[in-house]
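Hi,

Here is the structure I promised to pass on. Have a look at it first, and then read my notes below.

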Amino acid sequence: MTKIADAEAPPARAAGHSRPSDRGARIKSLLSPRRIAGIYLFAIMFLYFAIKIPDLFLTQTTWTTLANEQAVTTIVAIGLTFTLSAGVFDLSIGAVVGCAAAVVAYLTVNEGWSVWWACVGAVVFGILVGCLNSLIVVTFKVDSFIATLGVQAILFALLLRVTEGQQIIGLPQNFLDIAAYKIFGIPMPFYIMLGMAIVAWYVMDMTPLGRYIEATGGNRDAARLAGVRTARLTWLAFIITGAVAAIGGIILLTRISAAGPETGGDYILPVFAAAFLGRTQFRPGRFNIWGTVLAVYLLAMITKGLQLSGQDPWVTQFFYGAVLVAAVALSGLERRQRTVRPTAKAAKAGLATEQPPAVPPAAPAPGDSAP
Amino acid sequence: MTDARSQLHLSGVVKTFPGQVALADGNLDVAAGEIHALVGQNGSGKSTIIKLLAGYHQPDSVGEATMEGESFDLGSAHEADRLGMRFIHQNLGLVESMSALENCALSHGIPTGALWRIDWKTERARLTALLDRFGVDVDITAPVGTLPPAHRTMIAIIRALQDWEDSARLIVLDEPTATLPRGEVDRLFALMRRVASHGIGVLFVSHRLDEVFEVASRVTVFRDGRTVADRAVADLDHEELIRTMLGRSIESFETTAEVTDPVSALDLEDVAGLDLREISLNLGAGEIVGLAGLLGSGRDEVVPLISGARKRSAGHVGIAGRTVPNGDPRSALRAGIATVHVDRARNGAITSFSVGENVVLPNLRSLWSAGFLRASRRRRDAMRWINELDVRPARPEATFLNLSGGNQQKVVLGKCLRLEPKVLLLDEPTQGVDIGAKVALYTIVAARAADGLGVLVSSGDSEELARLCHRVLILARGRVVRELTGAELTAEQIDLAVLEEDREHTKHVRLTQHST
């Protein structure tokens, strides 16, 4: 009877039959490069740049800019994790970021709204885009990749129309101060991102809702037959992604202080790269919030380091593209290995299980907190 | 056979499908706490009665249907659920990326604490207690997709029994062992016995008769839509069960004349891959050789390994003295090996293309002239094959998808024959093909063989093998274990040989297990 030592954590991914008493083995598996290669890579790359270009890399400006810039990417990626977990793509997020920024700027500057009500308007806009995506994907049964690609183009067209090709400027200073406000030397957007990550992690990992969303993405038919309302959950996932992307757009606006026709266009690639790279971390094979967050900052740090060591700007795009493809290929490869390897092992173990178990099943192991 | 001990009782069930009587007189009695096997040939009606129970189909008429003395509406999924019937279909319906814990929680309802937080402690305790109760030892935290197939089946059973104390009364398993390696079957049986010992009826469909003798206490045999026997397993022996199942008198089959001293068309030397451990074969020009064997015997691998659809792990395939490269369908085709693959919708055709486009697809060169693909030539070429094989409708423009199964298969066969191959491989060539088209396909293949084409047929339909082939190889545990020719070559003999060899296999596995 396999029990898990840690009663709090979501089911840990242990290979084969894990015994709760095997705490050493568990910690070892938690720290194994298979699960947290990203953290090791982060440390290695950090050391590499720190030794190679200490004057540029180890400055506070570098790190506050990094934290600030990447906060928006991370927020959007967190939102995307919901749709990807539900087994659908949302390519419209970049356009939602741009449009949400434009909605705030337009309503405040051109329509004279209070900037805070304008922010609410932007989130409502994000929700509406989520509804539109769901309508096309769930109700009209259009493949999500195509549907959201189309919606993205439509949104960018609207963005161009509303901004008339110009930057909308003139936002109130107290709104723009959000990006500049620092706690312990780290700008506000980073904390906002952190707060959203914690909430998203809680929802995805700790509540039934998260499991239902994951089941929907894991095997839609099986989930539906198990009584999961897959259509409704797909709607919800799109709405969350849209709303979160809109919040990302608002945060972005506080930093760049103007909304233009091309705002948000460059988010798609890093966000997808991070989500897919994140899937190889912590809970391999499943999209997860902390994997995504780690991946965003890992990728950002490496590109920052490359830029600072004098590489041309094209390297960034190239790097993100390569990472996206490699992450997907790797997780595919890993999945195949996982399904082949344990079978042989378990077949061996299978012969042993008919024997009386070495530990009496009734005796709870020390780590087990069952009542 | 109504008696007091009966938990589920069905009698006089009739179900017809357009043009076919699936069940003429179905009877079934399952007692509480009994392991009851349901056996019969394909098309005997055993899966129909399961689908009626599950509410997937509705019966035409029912004599009597009672569950624990209460009569119920056969054919209603809701009624079945209310009465505590639980069904485990072959594809289990688990979310593979999720753990057993999550899969079970998903359908049972996830327990939560404050702030909707999942209460894993409660859920784990619940599932662990359930597993303990049924003596199941599986990893409940690993994604079920990474677990061995038997564990997955057990998890599906446990999931179906989650609410057993409240309502589960009867659990129905549709060929639960079909995809399991032999060694794992015992563990599943142990679970079935424990479930039964809790007073829950276990009804399982199986085509492996050995399992019936091993685990079941009663067996119901279906044949041609009728219940022909409901017996205690202890009163039966293996041969009698097979006879009851097959039931037919030995018919005279159209045995084709034997090919004497043929020119070799295809050479297989120690070919191996996946379940197939070794096959060697010399297929003569003009000869039709059949392959028979149950799932897991390695039979399914033979054709893909030759055609290049799968990579051989060892061995040599030769045609006219030249070696056929491994794992490369294109060079196999070039060498003169054409294949009618299993599952034509997936492997055999591009279903959205027209019939004509499908026929000409493998060789477009002959249609190419002066820098254009000539539509008129394509039409002419396709028309020739449509006429030759009598495809209906006889229009090259018709979409492949809209054709009947038999006509689709004719198109696929035409596509292969157009390449003028030296060897034709047929993998389950008449799956989903009606009787009329079957005969047409046999006639075409036999005619081509008479012209010197070497044909290898892998089929689960023993009737087909007996009719079509000059000789049939029986595969079990990854090897050729017998060869049937001449007078031995009847459908009954093939069935007997397949089942017997499989039984030998089980004995063999048990012995090796005990010795370890």
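The buried residues of helix H3 of chain B are covered by, among others, helix H10 (208–218) and helix H11 (220–225) of chain A, along with helix H4 (120–133) and helix H5 (149–160) of chain B. Before I go on: this is a predicted model, where local features need pLDDT of at least 70 and side-chain atom pairs count only at pLDDT 80 or more, while totals for chains, interfaces and linings use all residues. Residues are numbered from 1 along each chain as its sequence is written, and chains are lettered from A and ligands numbered from 1 in the order in which they are written.

Back to H3(B), which spans residues 100–108 and has 8 of its 9 residues buried (20 or more other C-beta atoms within 10 Å of the residue's own; 12 or fewer is exposed, in between is partly exposed, and C-beta atoms are placed from the backbone). Those buried residues are Ala100(B), Leu101(B), Glu102(B), Asn103(B), Cys104(B), Ala105(B), Leu106(B) and Ser107(B). Helices and strands here are DSSP runs numbered from the N terminus (H or I of at least four residues for helices, E of at least two for strands).

Chain B as a whole has 17 helices and 22 strands, and 48% of its 516 residues count as buried.

Strand S3 of chain B (residues 35–40) is mostly covered too, with 6 of its 6 residues buried. One side carries Ile35(B), Ala37(B) and Val39(B), and the other His36(B), Leu38(B) and Gly40(B). S3(B) pairs in the parallel sense with strand S8 (residues 201–205) of chain B over 4 bridges (pairing takes at least two DSSP bridges between the strands). In that pair, Leu38(B) is opposite Val205(B). S3(B) also pairs in the parallel sense with strand S9 (residues 218–223) of chain B, over 5 bridges, and there His36(B) has Arg218(B) as its bridge partner.

On to its hairpin: S4(B) and strand S5 of chain B have 2 residues between them, and Glu68(B) in the turn has a positive phi of about 50°. Met67(B) stands opposite Glu70(B) in S5(B).

Now for chain A. Helix H4 (residues 60–85) and helix H14 (residues 289–308) of chain A pack at about 140°, their axes 9 Å apart (axes are lines fitted to C-alpha atoms, for helices over the stretch in contact, with angles from 0 to 180 degrees between N-to-C directions). That makes H4(A) oblique to H14(A) (under 35 degrees is roughly parallel, over 145 roughly antiparallel, 65 to 115 roughly perpendicular, the rest oblique). Residues in the contact include Leu66(A) and Ile78(A) of H4(A), and Val293(A) and Tyr297(A) of H14(A) (contact means C-beta atoms, placed from the backbone, within 7 Å).

Elsewhere in chain A, the axes of helix H6 (residues 115–139) and helix H12 (residues 230–256) come within 7 Å and cross at roughly 145°.

Cheers

Note on methods:
Two residues are in contact if their C-beta atoms, placed from the backbone, lie within 7 Å.
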